[in-house]
Amino acid sequence: NPSIVRKLHLTGVSLGRSDSGYLQLLAWKDHLQNDNLRAFAWAALLASYSSAFLRRSEIRLPMWVQSVCDSHECSGLLALLVQAHEEAGPWSVAGMADRIGSIKGRLVSGQDDILAPTDLVLNLAEKLDWPVNVISNAGHALPMEAPRIWREDLLNFLD
């Protein structure tokens, strides 16, 4: 309901999905359908963060994978993936962009995002006529990878 939203700050959202992002979703679904939560966790981390961030965090990666395994179930994550990644229709990104109306917005993208690459974020920005902030050396999980920069962008936009 656009009449109750004054501003919208979106991170890692693009009008379409890259080939790599599409293939990642296929792999994630396969891991989950085959009850391989550990493989899903590794694949999700590798797709969501920049390589440089993951390399700097190498010692923490096994703990992060284990955390996913301890706090999730394959069936729940699979249901989320199926419901949240509609390619077409009223709840897809394109469908929502058509209905967004005159809401003032801003898009933020990580320069190294392989799931929602900058060129496809720019396509959404053009459709919505919104500005984009591309943050260097960051992937899809931008709020976790560059929290200060992301938070400053959000607060400046909402001010």
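Axes are lines fitted to C-alpha atoms, for helices over the stretch in contact, and angles run from 0 to 180 degrees between N-to-C directions. This is a predicted model, in which local features need pLDDT of at least 70, side-chain atom pairs count only at pLDDT 80 or more, and totals for chains, interfaces and linings use all residues. Residues are numbered from 1 along each chain as its sequence is written, and side-chain values use heavy atoms, with hydrogens and water left out.

**View 1. Helices α1 and α2 pack with their axes 8 Å apart.** Helices (H or I, at least four residues) and strands (E, at least two) are DSSP runs, numbered from the N terminus. The angle between α1 and α2 is about 160°, which makes α1 roughly antiparallel to α2; angles under 35 degrees count as roughly parallel, over 145 as roughly antiparallel, 65 to 115 as roughly perpendicular and the rest as oblique. α1 passes α2 in a left-handed crossing (left-handed if the near helix is turned anticlockwise from the far one by less than a right angle, right-handed if clockwise). On the α1 side, look for Q24, W28, H31 and L32; α2 brings L37, A39, F40, A43, A44 and A47 to the contact (heavy atoms within 4.5 Å). By class, these residues are eight nonpolar, two polar and no charged. Here Ala, Val, Leu, Ile, Met, Phe, Trp, Tyr, Cys and Pro count as nonpolar, Asp, Glu, Lys and Arg as charged, and the others, Gly among them, as polar.

**View 2. Helices α1 and α5 meet at an angle of about 150°.** Their axes are 9 Å apart, and the two helices are therefore roughly antiparallel to each other. α1 passes α5 in a left-handed crossing. L25, W28, K29, L32 and Q33 of α1 touch C74, L77, L78 and L81 of α5. That contact has seven nonpolar residues, one polar and one charged.

**View 3. L78 sits in helix α5.** Leaving aside neighbours within four places in sequence, L78 is in contact with K29, L32 and Q33. The C-alpha atoms of L78 and K29 are separated by 6.3 Å, although the two residues are 49 apart along the chain.

**View 4. Helix α2 (residues 37-48) crosses helix α4 (residues 61-71) at roughly 125°.** The axes come within 9 Å, and the angle makes α2 oblique to α4. α2 passes α4 in a right-handed crossing. To follow the contact, pick out L37, R38, F40, A41, W42 and L45 of α2, together with L61, W64, V65, Q66, V68 and C69 of α4. The residues of this contact are 10 nonpolar, one polar and one charged.

**View 5. The largest pocket holds about 890 Å³ of space.** Grid points are joined across faces, edges and corners, and a volume is the space filled by probe spheres set on the points. The lining has 35 residues, and L25, W28, H85, L115 and H140 lie nearest the centre of the pocket. Two or more lining residues come from each of α1 (19-33), α2, α4, α5 (74-84) and α6 (93-99). The lining divides into 22 nonpolar, 10 polar and three charged residues.

**View 6. The second largest pocket has a volume of about 260 Å³.** Of its 14 lining residues, L8, M96, A97, I100 and I103 are the closest to the centre. β1 (7-11), α6 and α7 (118-128) each supply at least two residues of the lining, and α6 gives the most, with four. The lining has 12 nonpolar residues, one polar and one charged.

How values were computed. 1 Å grid on protein atoms, 1.4 Å probe; cavity = no way out; pocket = protein on both sides within 12 Å on 5 of 7 lines; lining within 4 Å.
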